[in-house]
Amino acid sequence: MLPQWIIEKKRDGHQLTDADIDLFIRDYVSGAIPDYQMAALAMAITLQGMSAEEIVALTRSMLHSGNILNTAALGKSRHAQRVPRIDKHSTGGVGDKISLILAPLAACCGLVVPMIAGRGLGLTGGTIDKLESIPGYRAQLDEAAFLKVLNTCGCSIISAMDTLVPADKKLYALRDVTGTVSAIPLIVASILSKKLAVQPDGLVLDVKWGRGAFMAKRAQGEALARTLVATAQRLGLNTRALLTDMNQPLGRSVGNALEVIESLEVLQGRGPSDVIMLTLELGARMLILGHVAKDWQQALSQLRAKLASGEAFERFKNMARLHGGDPRALDPPSPRLGSGLRRGRGGPARLPVAAASVPLKARQSGYIQKVDAAAIGRAVALLGAGRARITDAIDPAAGISALKKVGEPVSAGEALAWLHTNRPGQLAEARAFVKAAFQIVPERVAPPKLIALEIKETTK
Ligand code: URA
């Protein structure tokens, strides 16, 4: 079978066999199939779609392109019982820092959270970039080091490695530059192959739809969520998905170090209410899936207690330290997010702070009707936090903080947001994007519903 025959088969709308898909993925990872043929197949899949059987086969082939984490030595409790492994994944959005909070929080509540996360692409931020703004944090661990961190503190957030799911590492970079990122079959296989490689007992997904997500329309987001849950279940992974609104940024900060600071606030029992709410909603589902809470009320009270006591914050610091991060950079007092950030406190052990911080002030009084996540994402990219290619460097200090949220009142002259950058030449253009992101109206506006839908099981 020649690779071009498989490409032609998909181009013409036919179903690929398991053997076709296996051959393609195996030979792509080995280098026998070049990028241009993989790109052609990815585009054919984007245009023609895939059946449920093909998506399962693609996920399996990608999963078996590398090792499966050897979890035999992982997570034994004092009573020699295996600690449940529950993972969480978001399809990505502007200001989405929930994984940073949830991994240590769920670990404090008795779960092992083995998380392989990604870097930011396009407008959506990446968990790994956020963590790497902590001085010294190393996201690229090998399997033995990953297992060691998991056994020591119950959670670890790493980037994809060459030994686990190499097909995704290679294919994701290719999709990014070939207009094939938003194809549902490719997203599903990418996410689930990574998740299955760490052999979790359950998975909670946050599927985003809206201006700041891959899926701009709610119906597309719902289709993605349903396909993720259906595919995971066919592969034997107990999965729940929330479909959540990403039309305005999540929280009040967007940008890598700024989002770490906001996460630290939530881990210390403060922070924006939408971030807290979504953390608790996703976290409660993780605890119930892992059977460490018997019901919703118990799950919520465990999570709240771990935030209020500071235990989740200490766990995050411990995880960061085990990854080589300097915990002194995480200790309070962190810079205030509600104003311009003060520079220059401490040396390299501080989270990076930008040279210039300027407010964008409201021209009129009223209520915030819209904060366009796509425009905010673009502004943040211009300020230095975005990358056009997966290999591009980013500025961890760049971003936007103190964002007003939809439904909030604002007075003329009050700051709608603060912009932070080391590239003052980009400020004017970034400001124009932030200005265009906001709509202010005289009448009251109800805050939008963050969670649109929960998908637990599939109807097949
Ligand atoms: N997240 C992933 O891991 N893969 C995708 O394709 C999209 C979001």
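Q: Is Gln426 buried, partly exposed or exposed?
A: This is a predicted model, and in it Gln426 counts as partly exposed because its relative accessibility is 24%, while buried would mean under 20% and exposed over 50%.

Q: Let's switch to the ligand. Which residues are around the ligand?
A: The residues around the ligand are His89, Thr91, Tyr172, Arg175, Ile187, Ser190, Ile191, Lys194 and Phe214. Sorted by class, this shell has four nonpolar, three polar and two charged residues.

Q: Which side chains come within a polar distance of its oxygen or nitrogen atoms?
A: For Arg175, a polar side-chain atom lies 2.9 Å from an oxygen atom of the ligand. In the case of Ser190, an N or O atom of the side chain is 2.6 Å from a nitrogen atom of the ligand, and for Lys194 an N or O atom of the side chain is 2.6 Å from an oxygen atom of the ligand.

Q: How much of the ligand does the protein bury?
A: The ligand exposes 230 Å² when taken alone, and the protein buries 92% of that.

Q: Where does the ligand sit, then?
A: The ligand sits in the largest pocket. Helix H8, residues 166-176, and helix H9, residues 184-196, are the elements that give two or more residues to the shell around the ligand, and the largest share, four residues, comes from H9.

Q: New topic: is Lys97 buried or exposed?
A: Lys97 is buried, because its relative accessible area is 0%, and anything under 20% counts as buried. Lys97 lies in the loop between strand E1, residues 86-90, and helix H5, residues 98-108.

Q: Which backbone oxygens does the side chain of Lys97 reach?
A: The side chain of Lys97 reaches the backbone oxygen of Gly95 at 2.6 Å, and a polar atom of the Lys97 side chain also lies 3.0 Å from the backbone oxygen of Ser253.

Q: What about Gln248, buried or exposed?
A: Gln248 counts as buried, because its relative accessibility is 15% and the cut-off for buried is under 20%. Gln248 lies in the loop between strand E5, residues 238-245, and helix H11, residues 256-267, and a polar atom of its side chain lies 3.0 Å from the backbone nitrogen of Val406.

Q: Last one: where is Arg321 found?
A: Arg321 is found in helix H14, which covers residues 311-322. At 46% relative accessibility, Arg321 counts as partly exposed, because exposed would need over 50%.

Q: Which side chain does Arg321 join in a polar contact?
A: The side chains of Arg321 and Asn318 are joined by a polar contact of 2.6 Å.

Definitions and conventions:
Residues are numbered from 1 along each chain as its sequence is written. This is a predicted model: local features need pLDDT of at least 70, side-chain atom pairs count only at pLDDT 80 or more; totals for chains, interfaces and linings use all residues. Side-chain values use heavy atoms; hydrogens and water are left out. A residue is near a molecule or strand if one of its heavy atoms lies within 4 Å of it. A polar contact is a pair of N or O atoms within 3.5 Å; within protein, one must be able to donate a hydrogen and the other to accept it, and residues adjacent in sequence count only if both atoms are side-chain atoms. Accessible areas come from the Shrake-Rupley method with a 1.4 Å probe; for residues, only the protein chains shown count as cover. On a 1 Å grid over the protein atoms alone, a cavity is a set of points where a 1.4 Å probe fits but cannot get out, and a pocket is an open set with protein on both sides within 12 Å along at least five of seven lines; lining residues have an atom within 4 Å of a point. A molecule sits in a cavity or pocket if more than half of its atoms lie within 2 Å of its grid points. Ala, Val, Leu, Ile, Met, Phe, Trp, Tyr, Cys and Pro count as nonpolar, Asp, Glu, Lys and Arg as charged, and the others, Gly among them, as polar. Buried means under 20% relative accessible area, exposed over 50%, partly exposed in between (1.4 Å probe, protein chains only).
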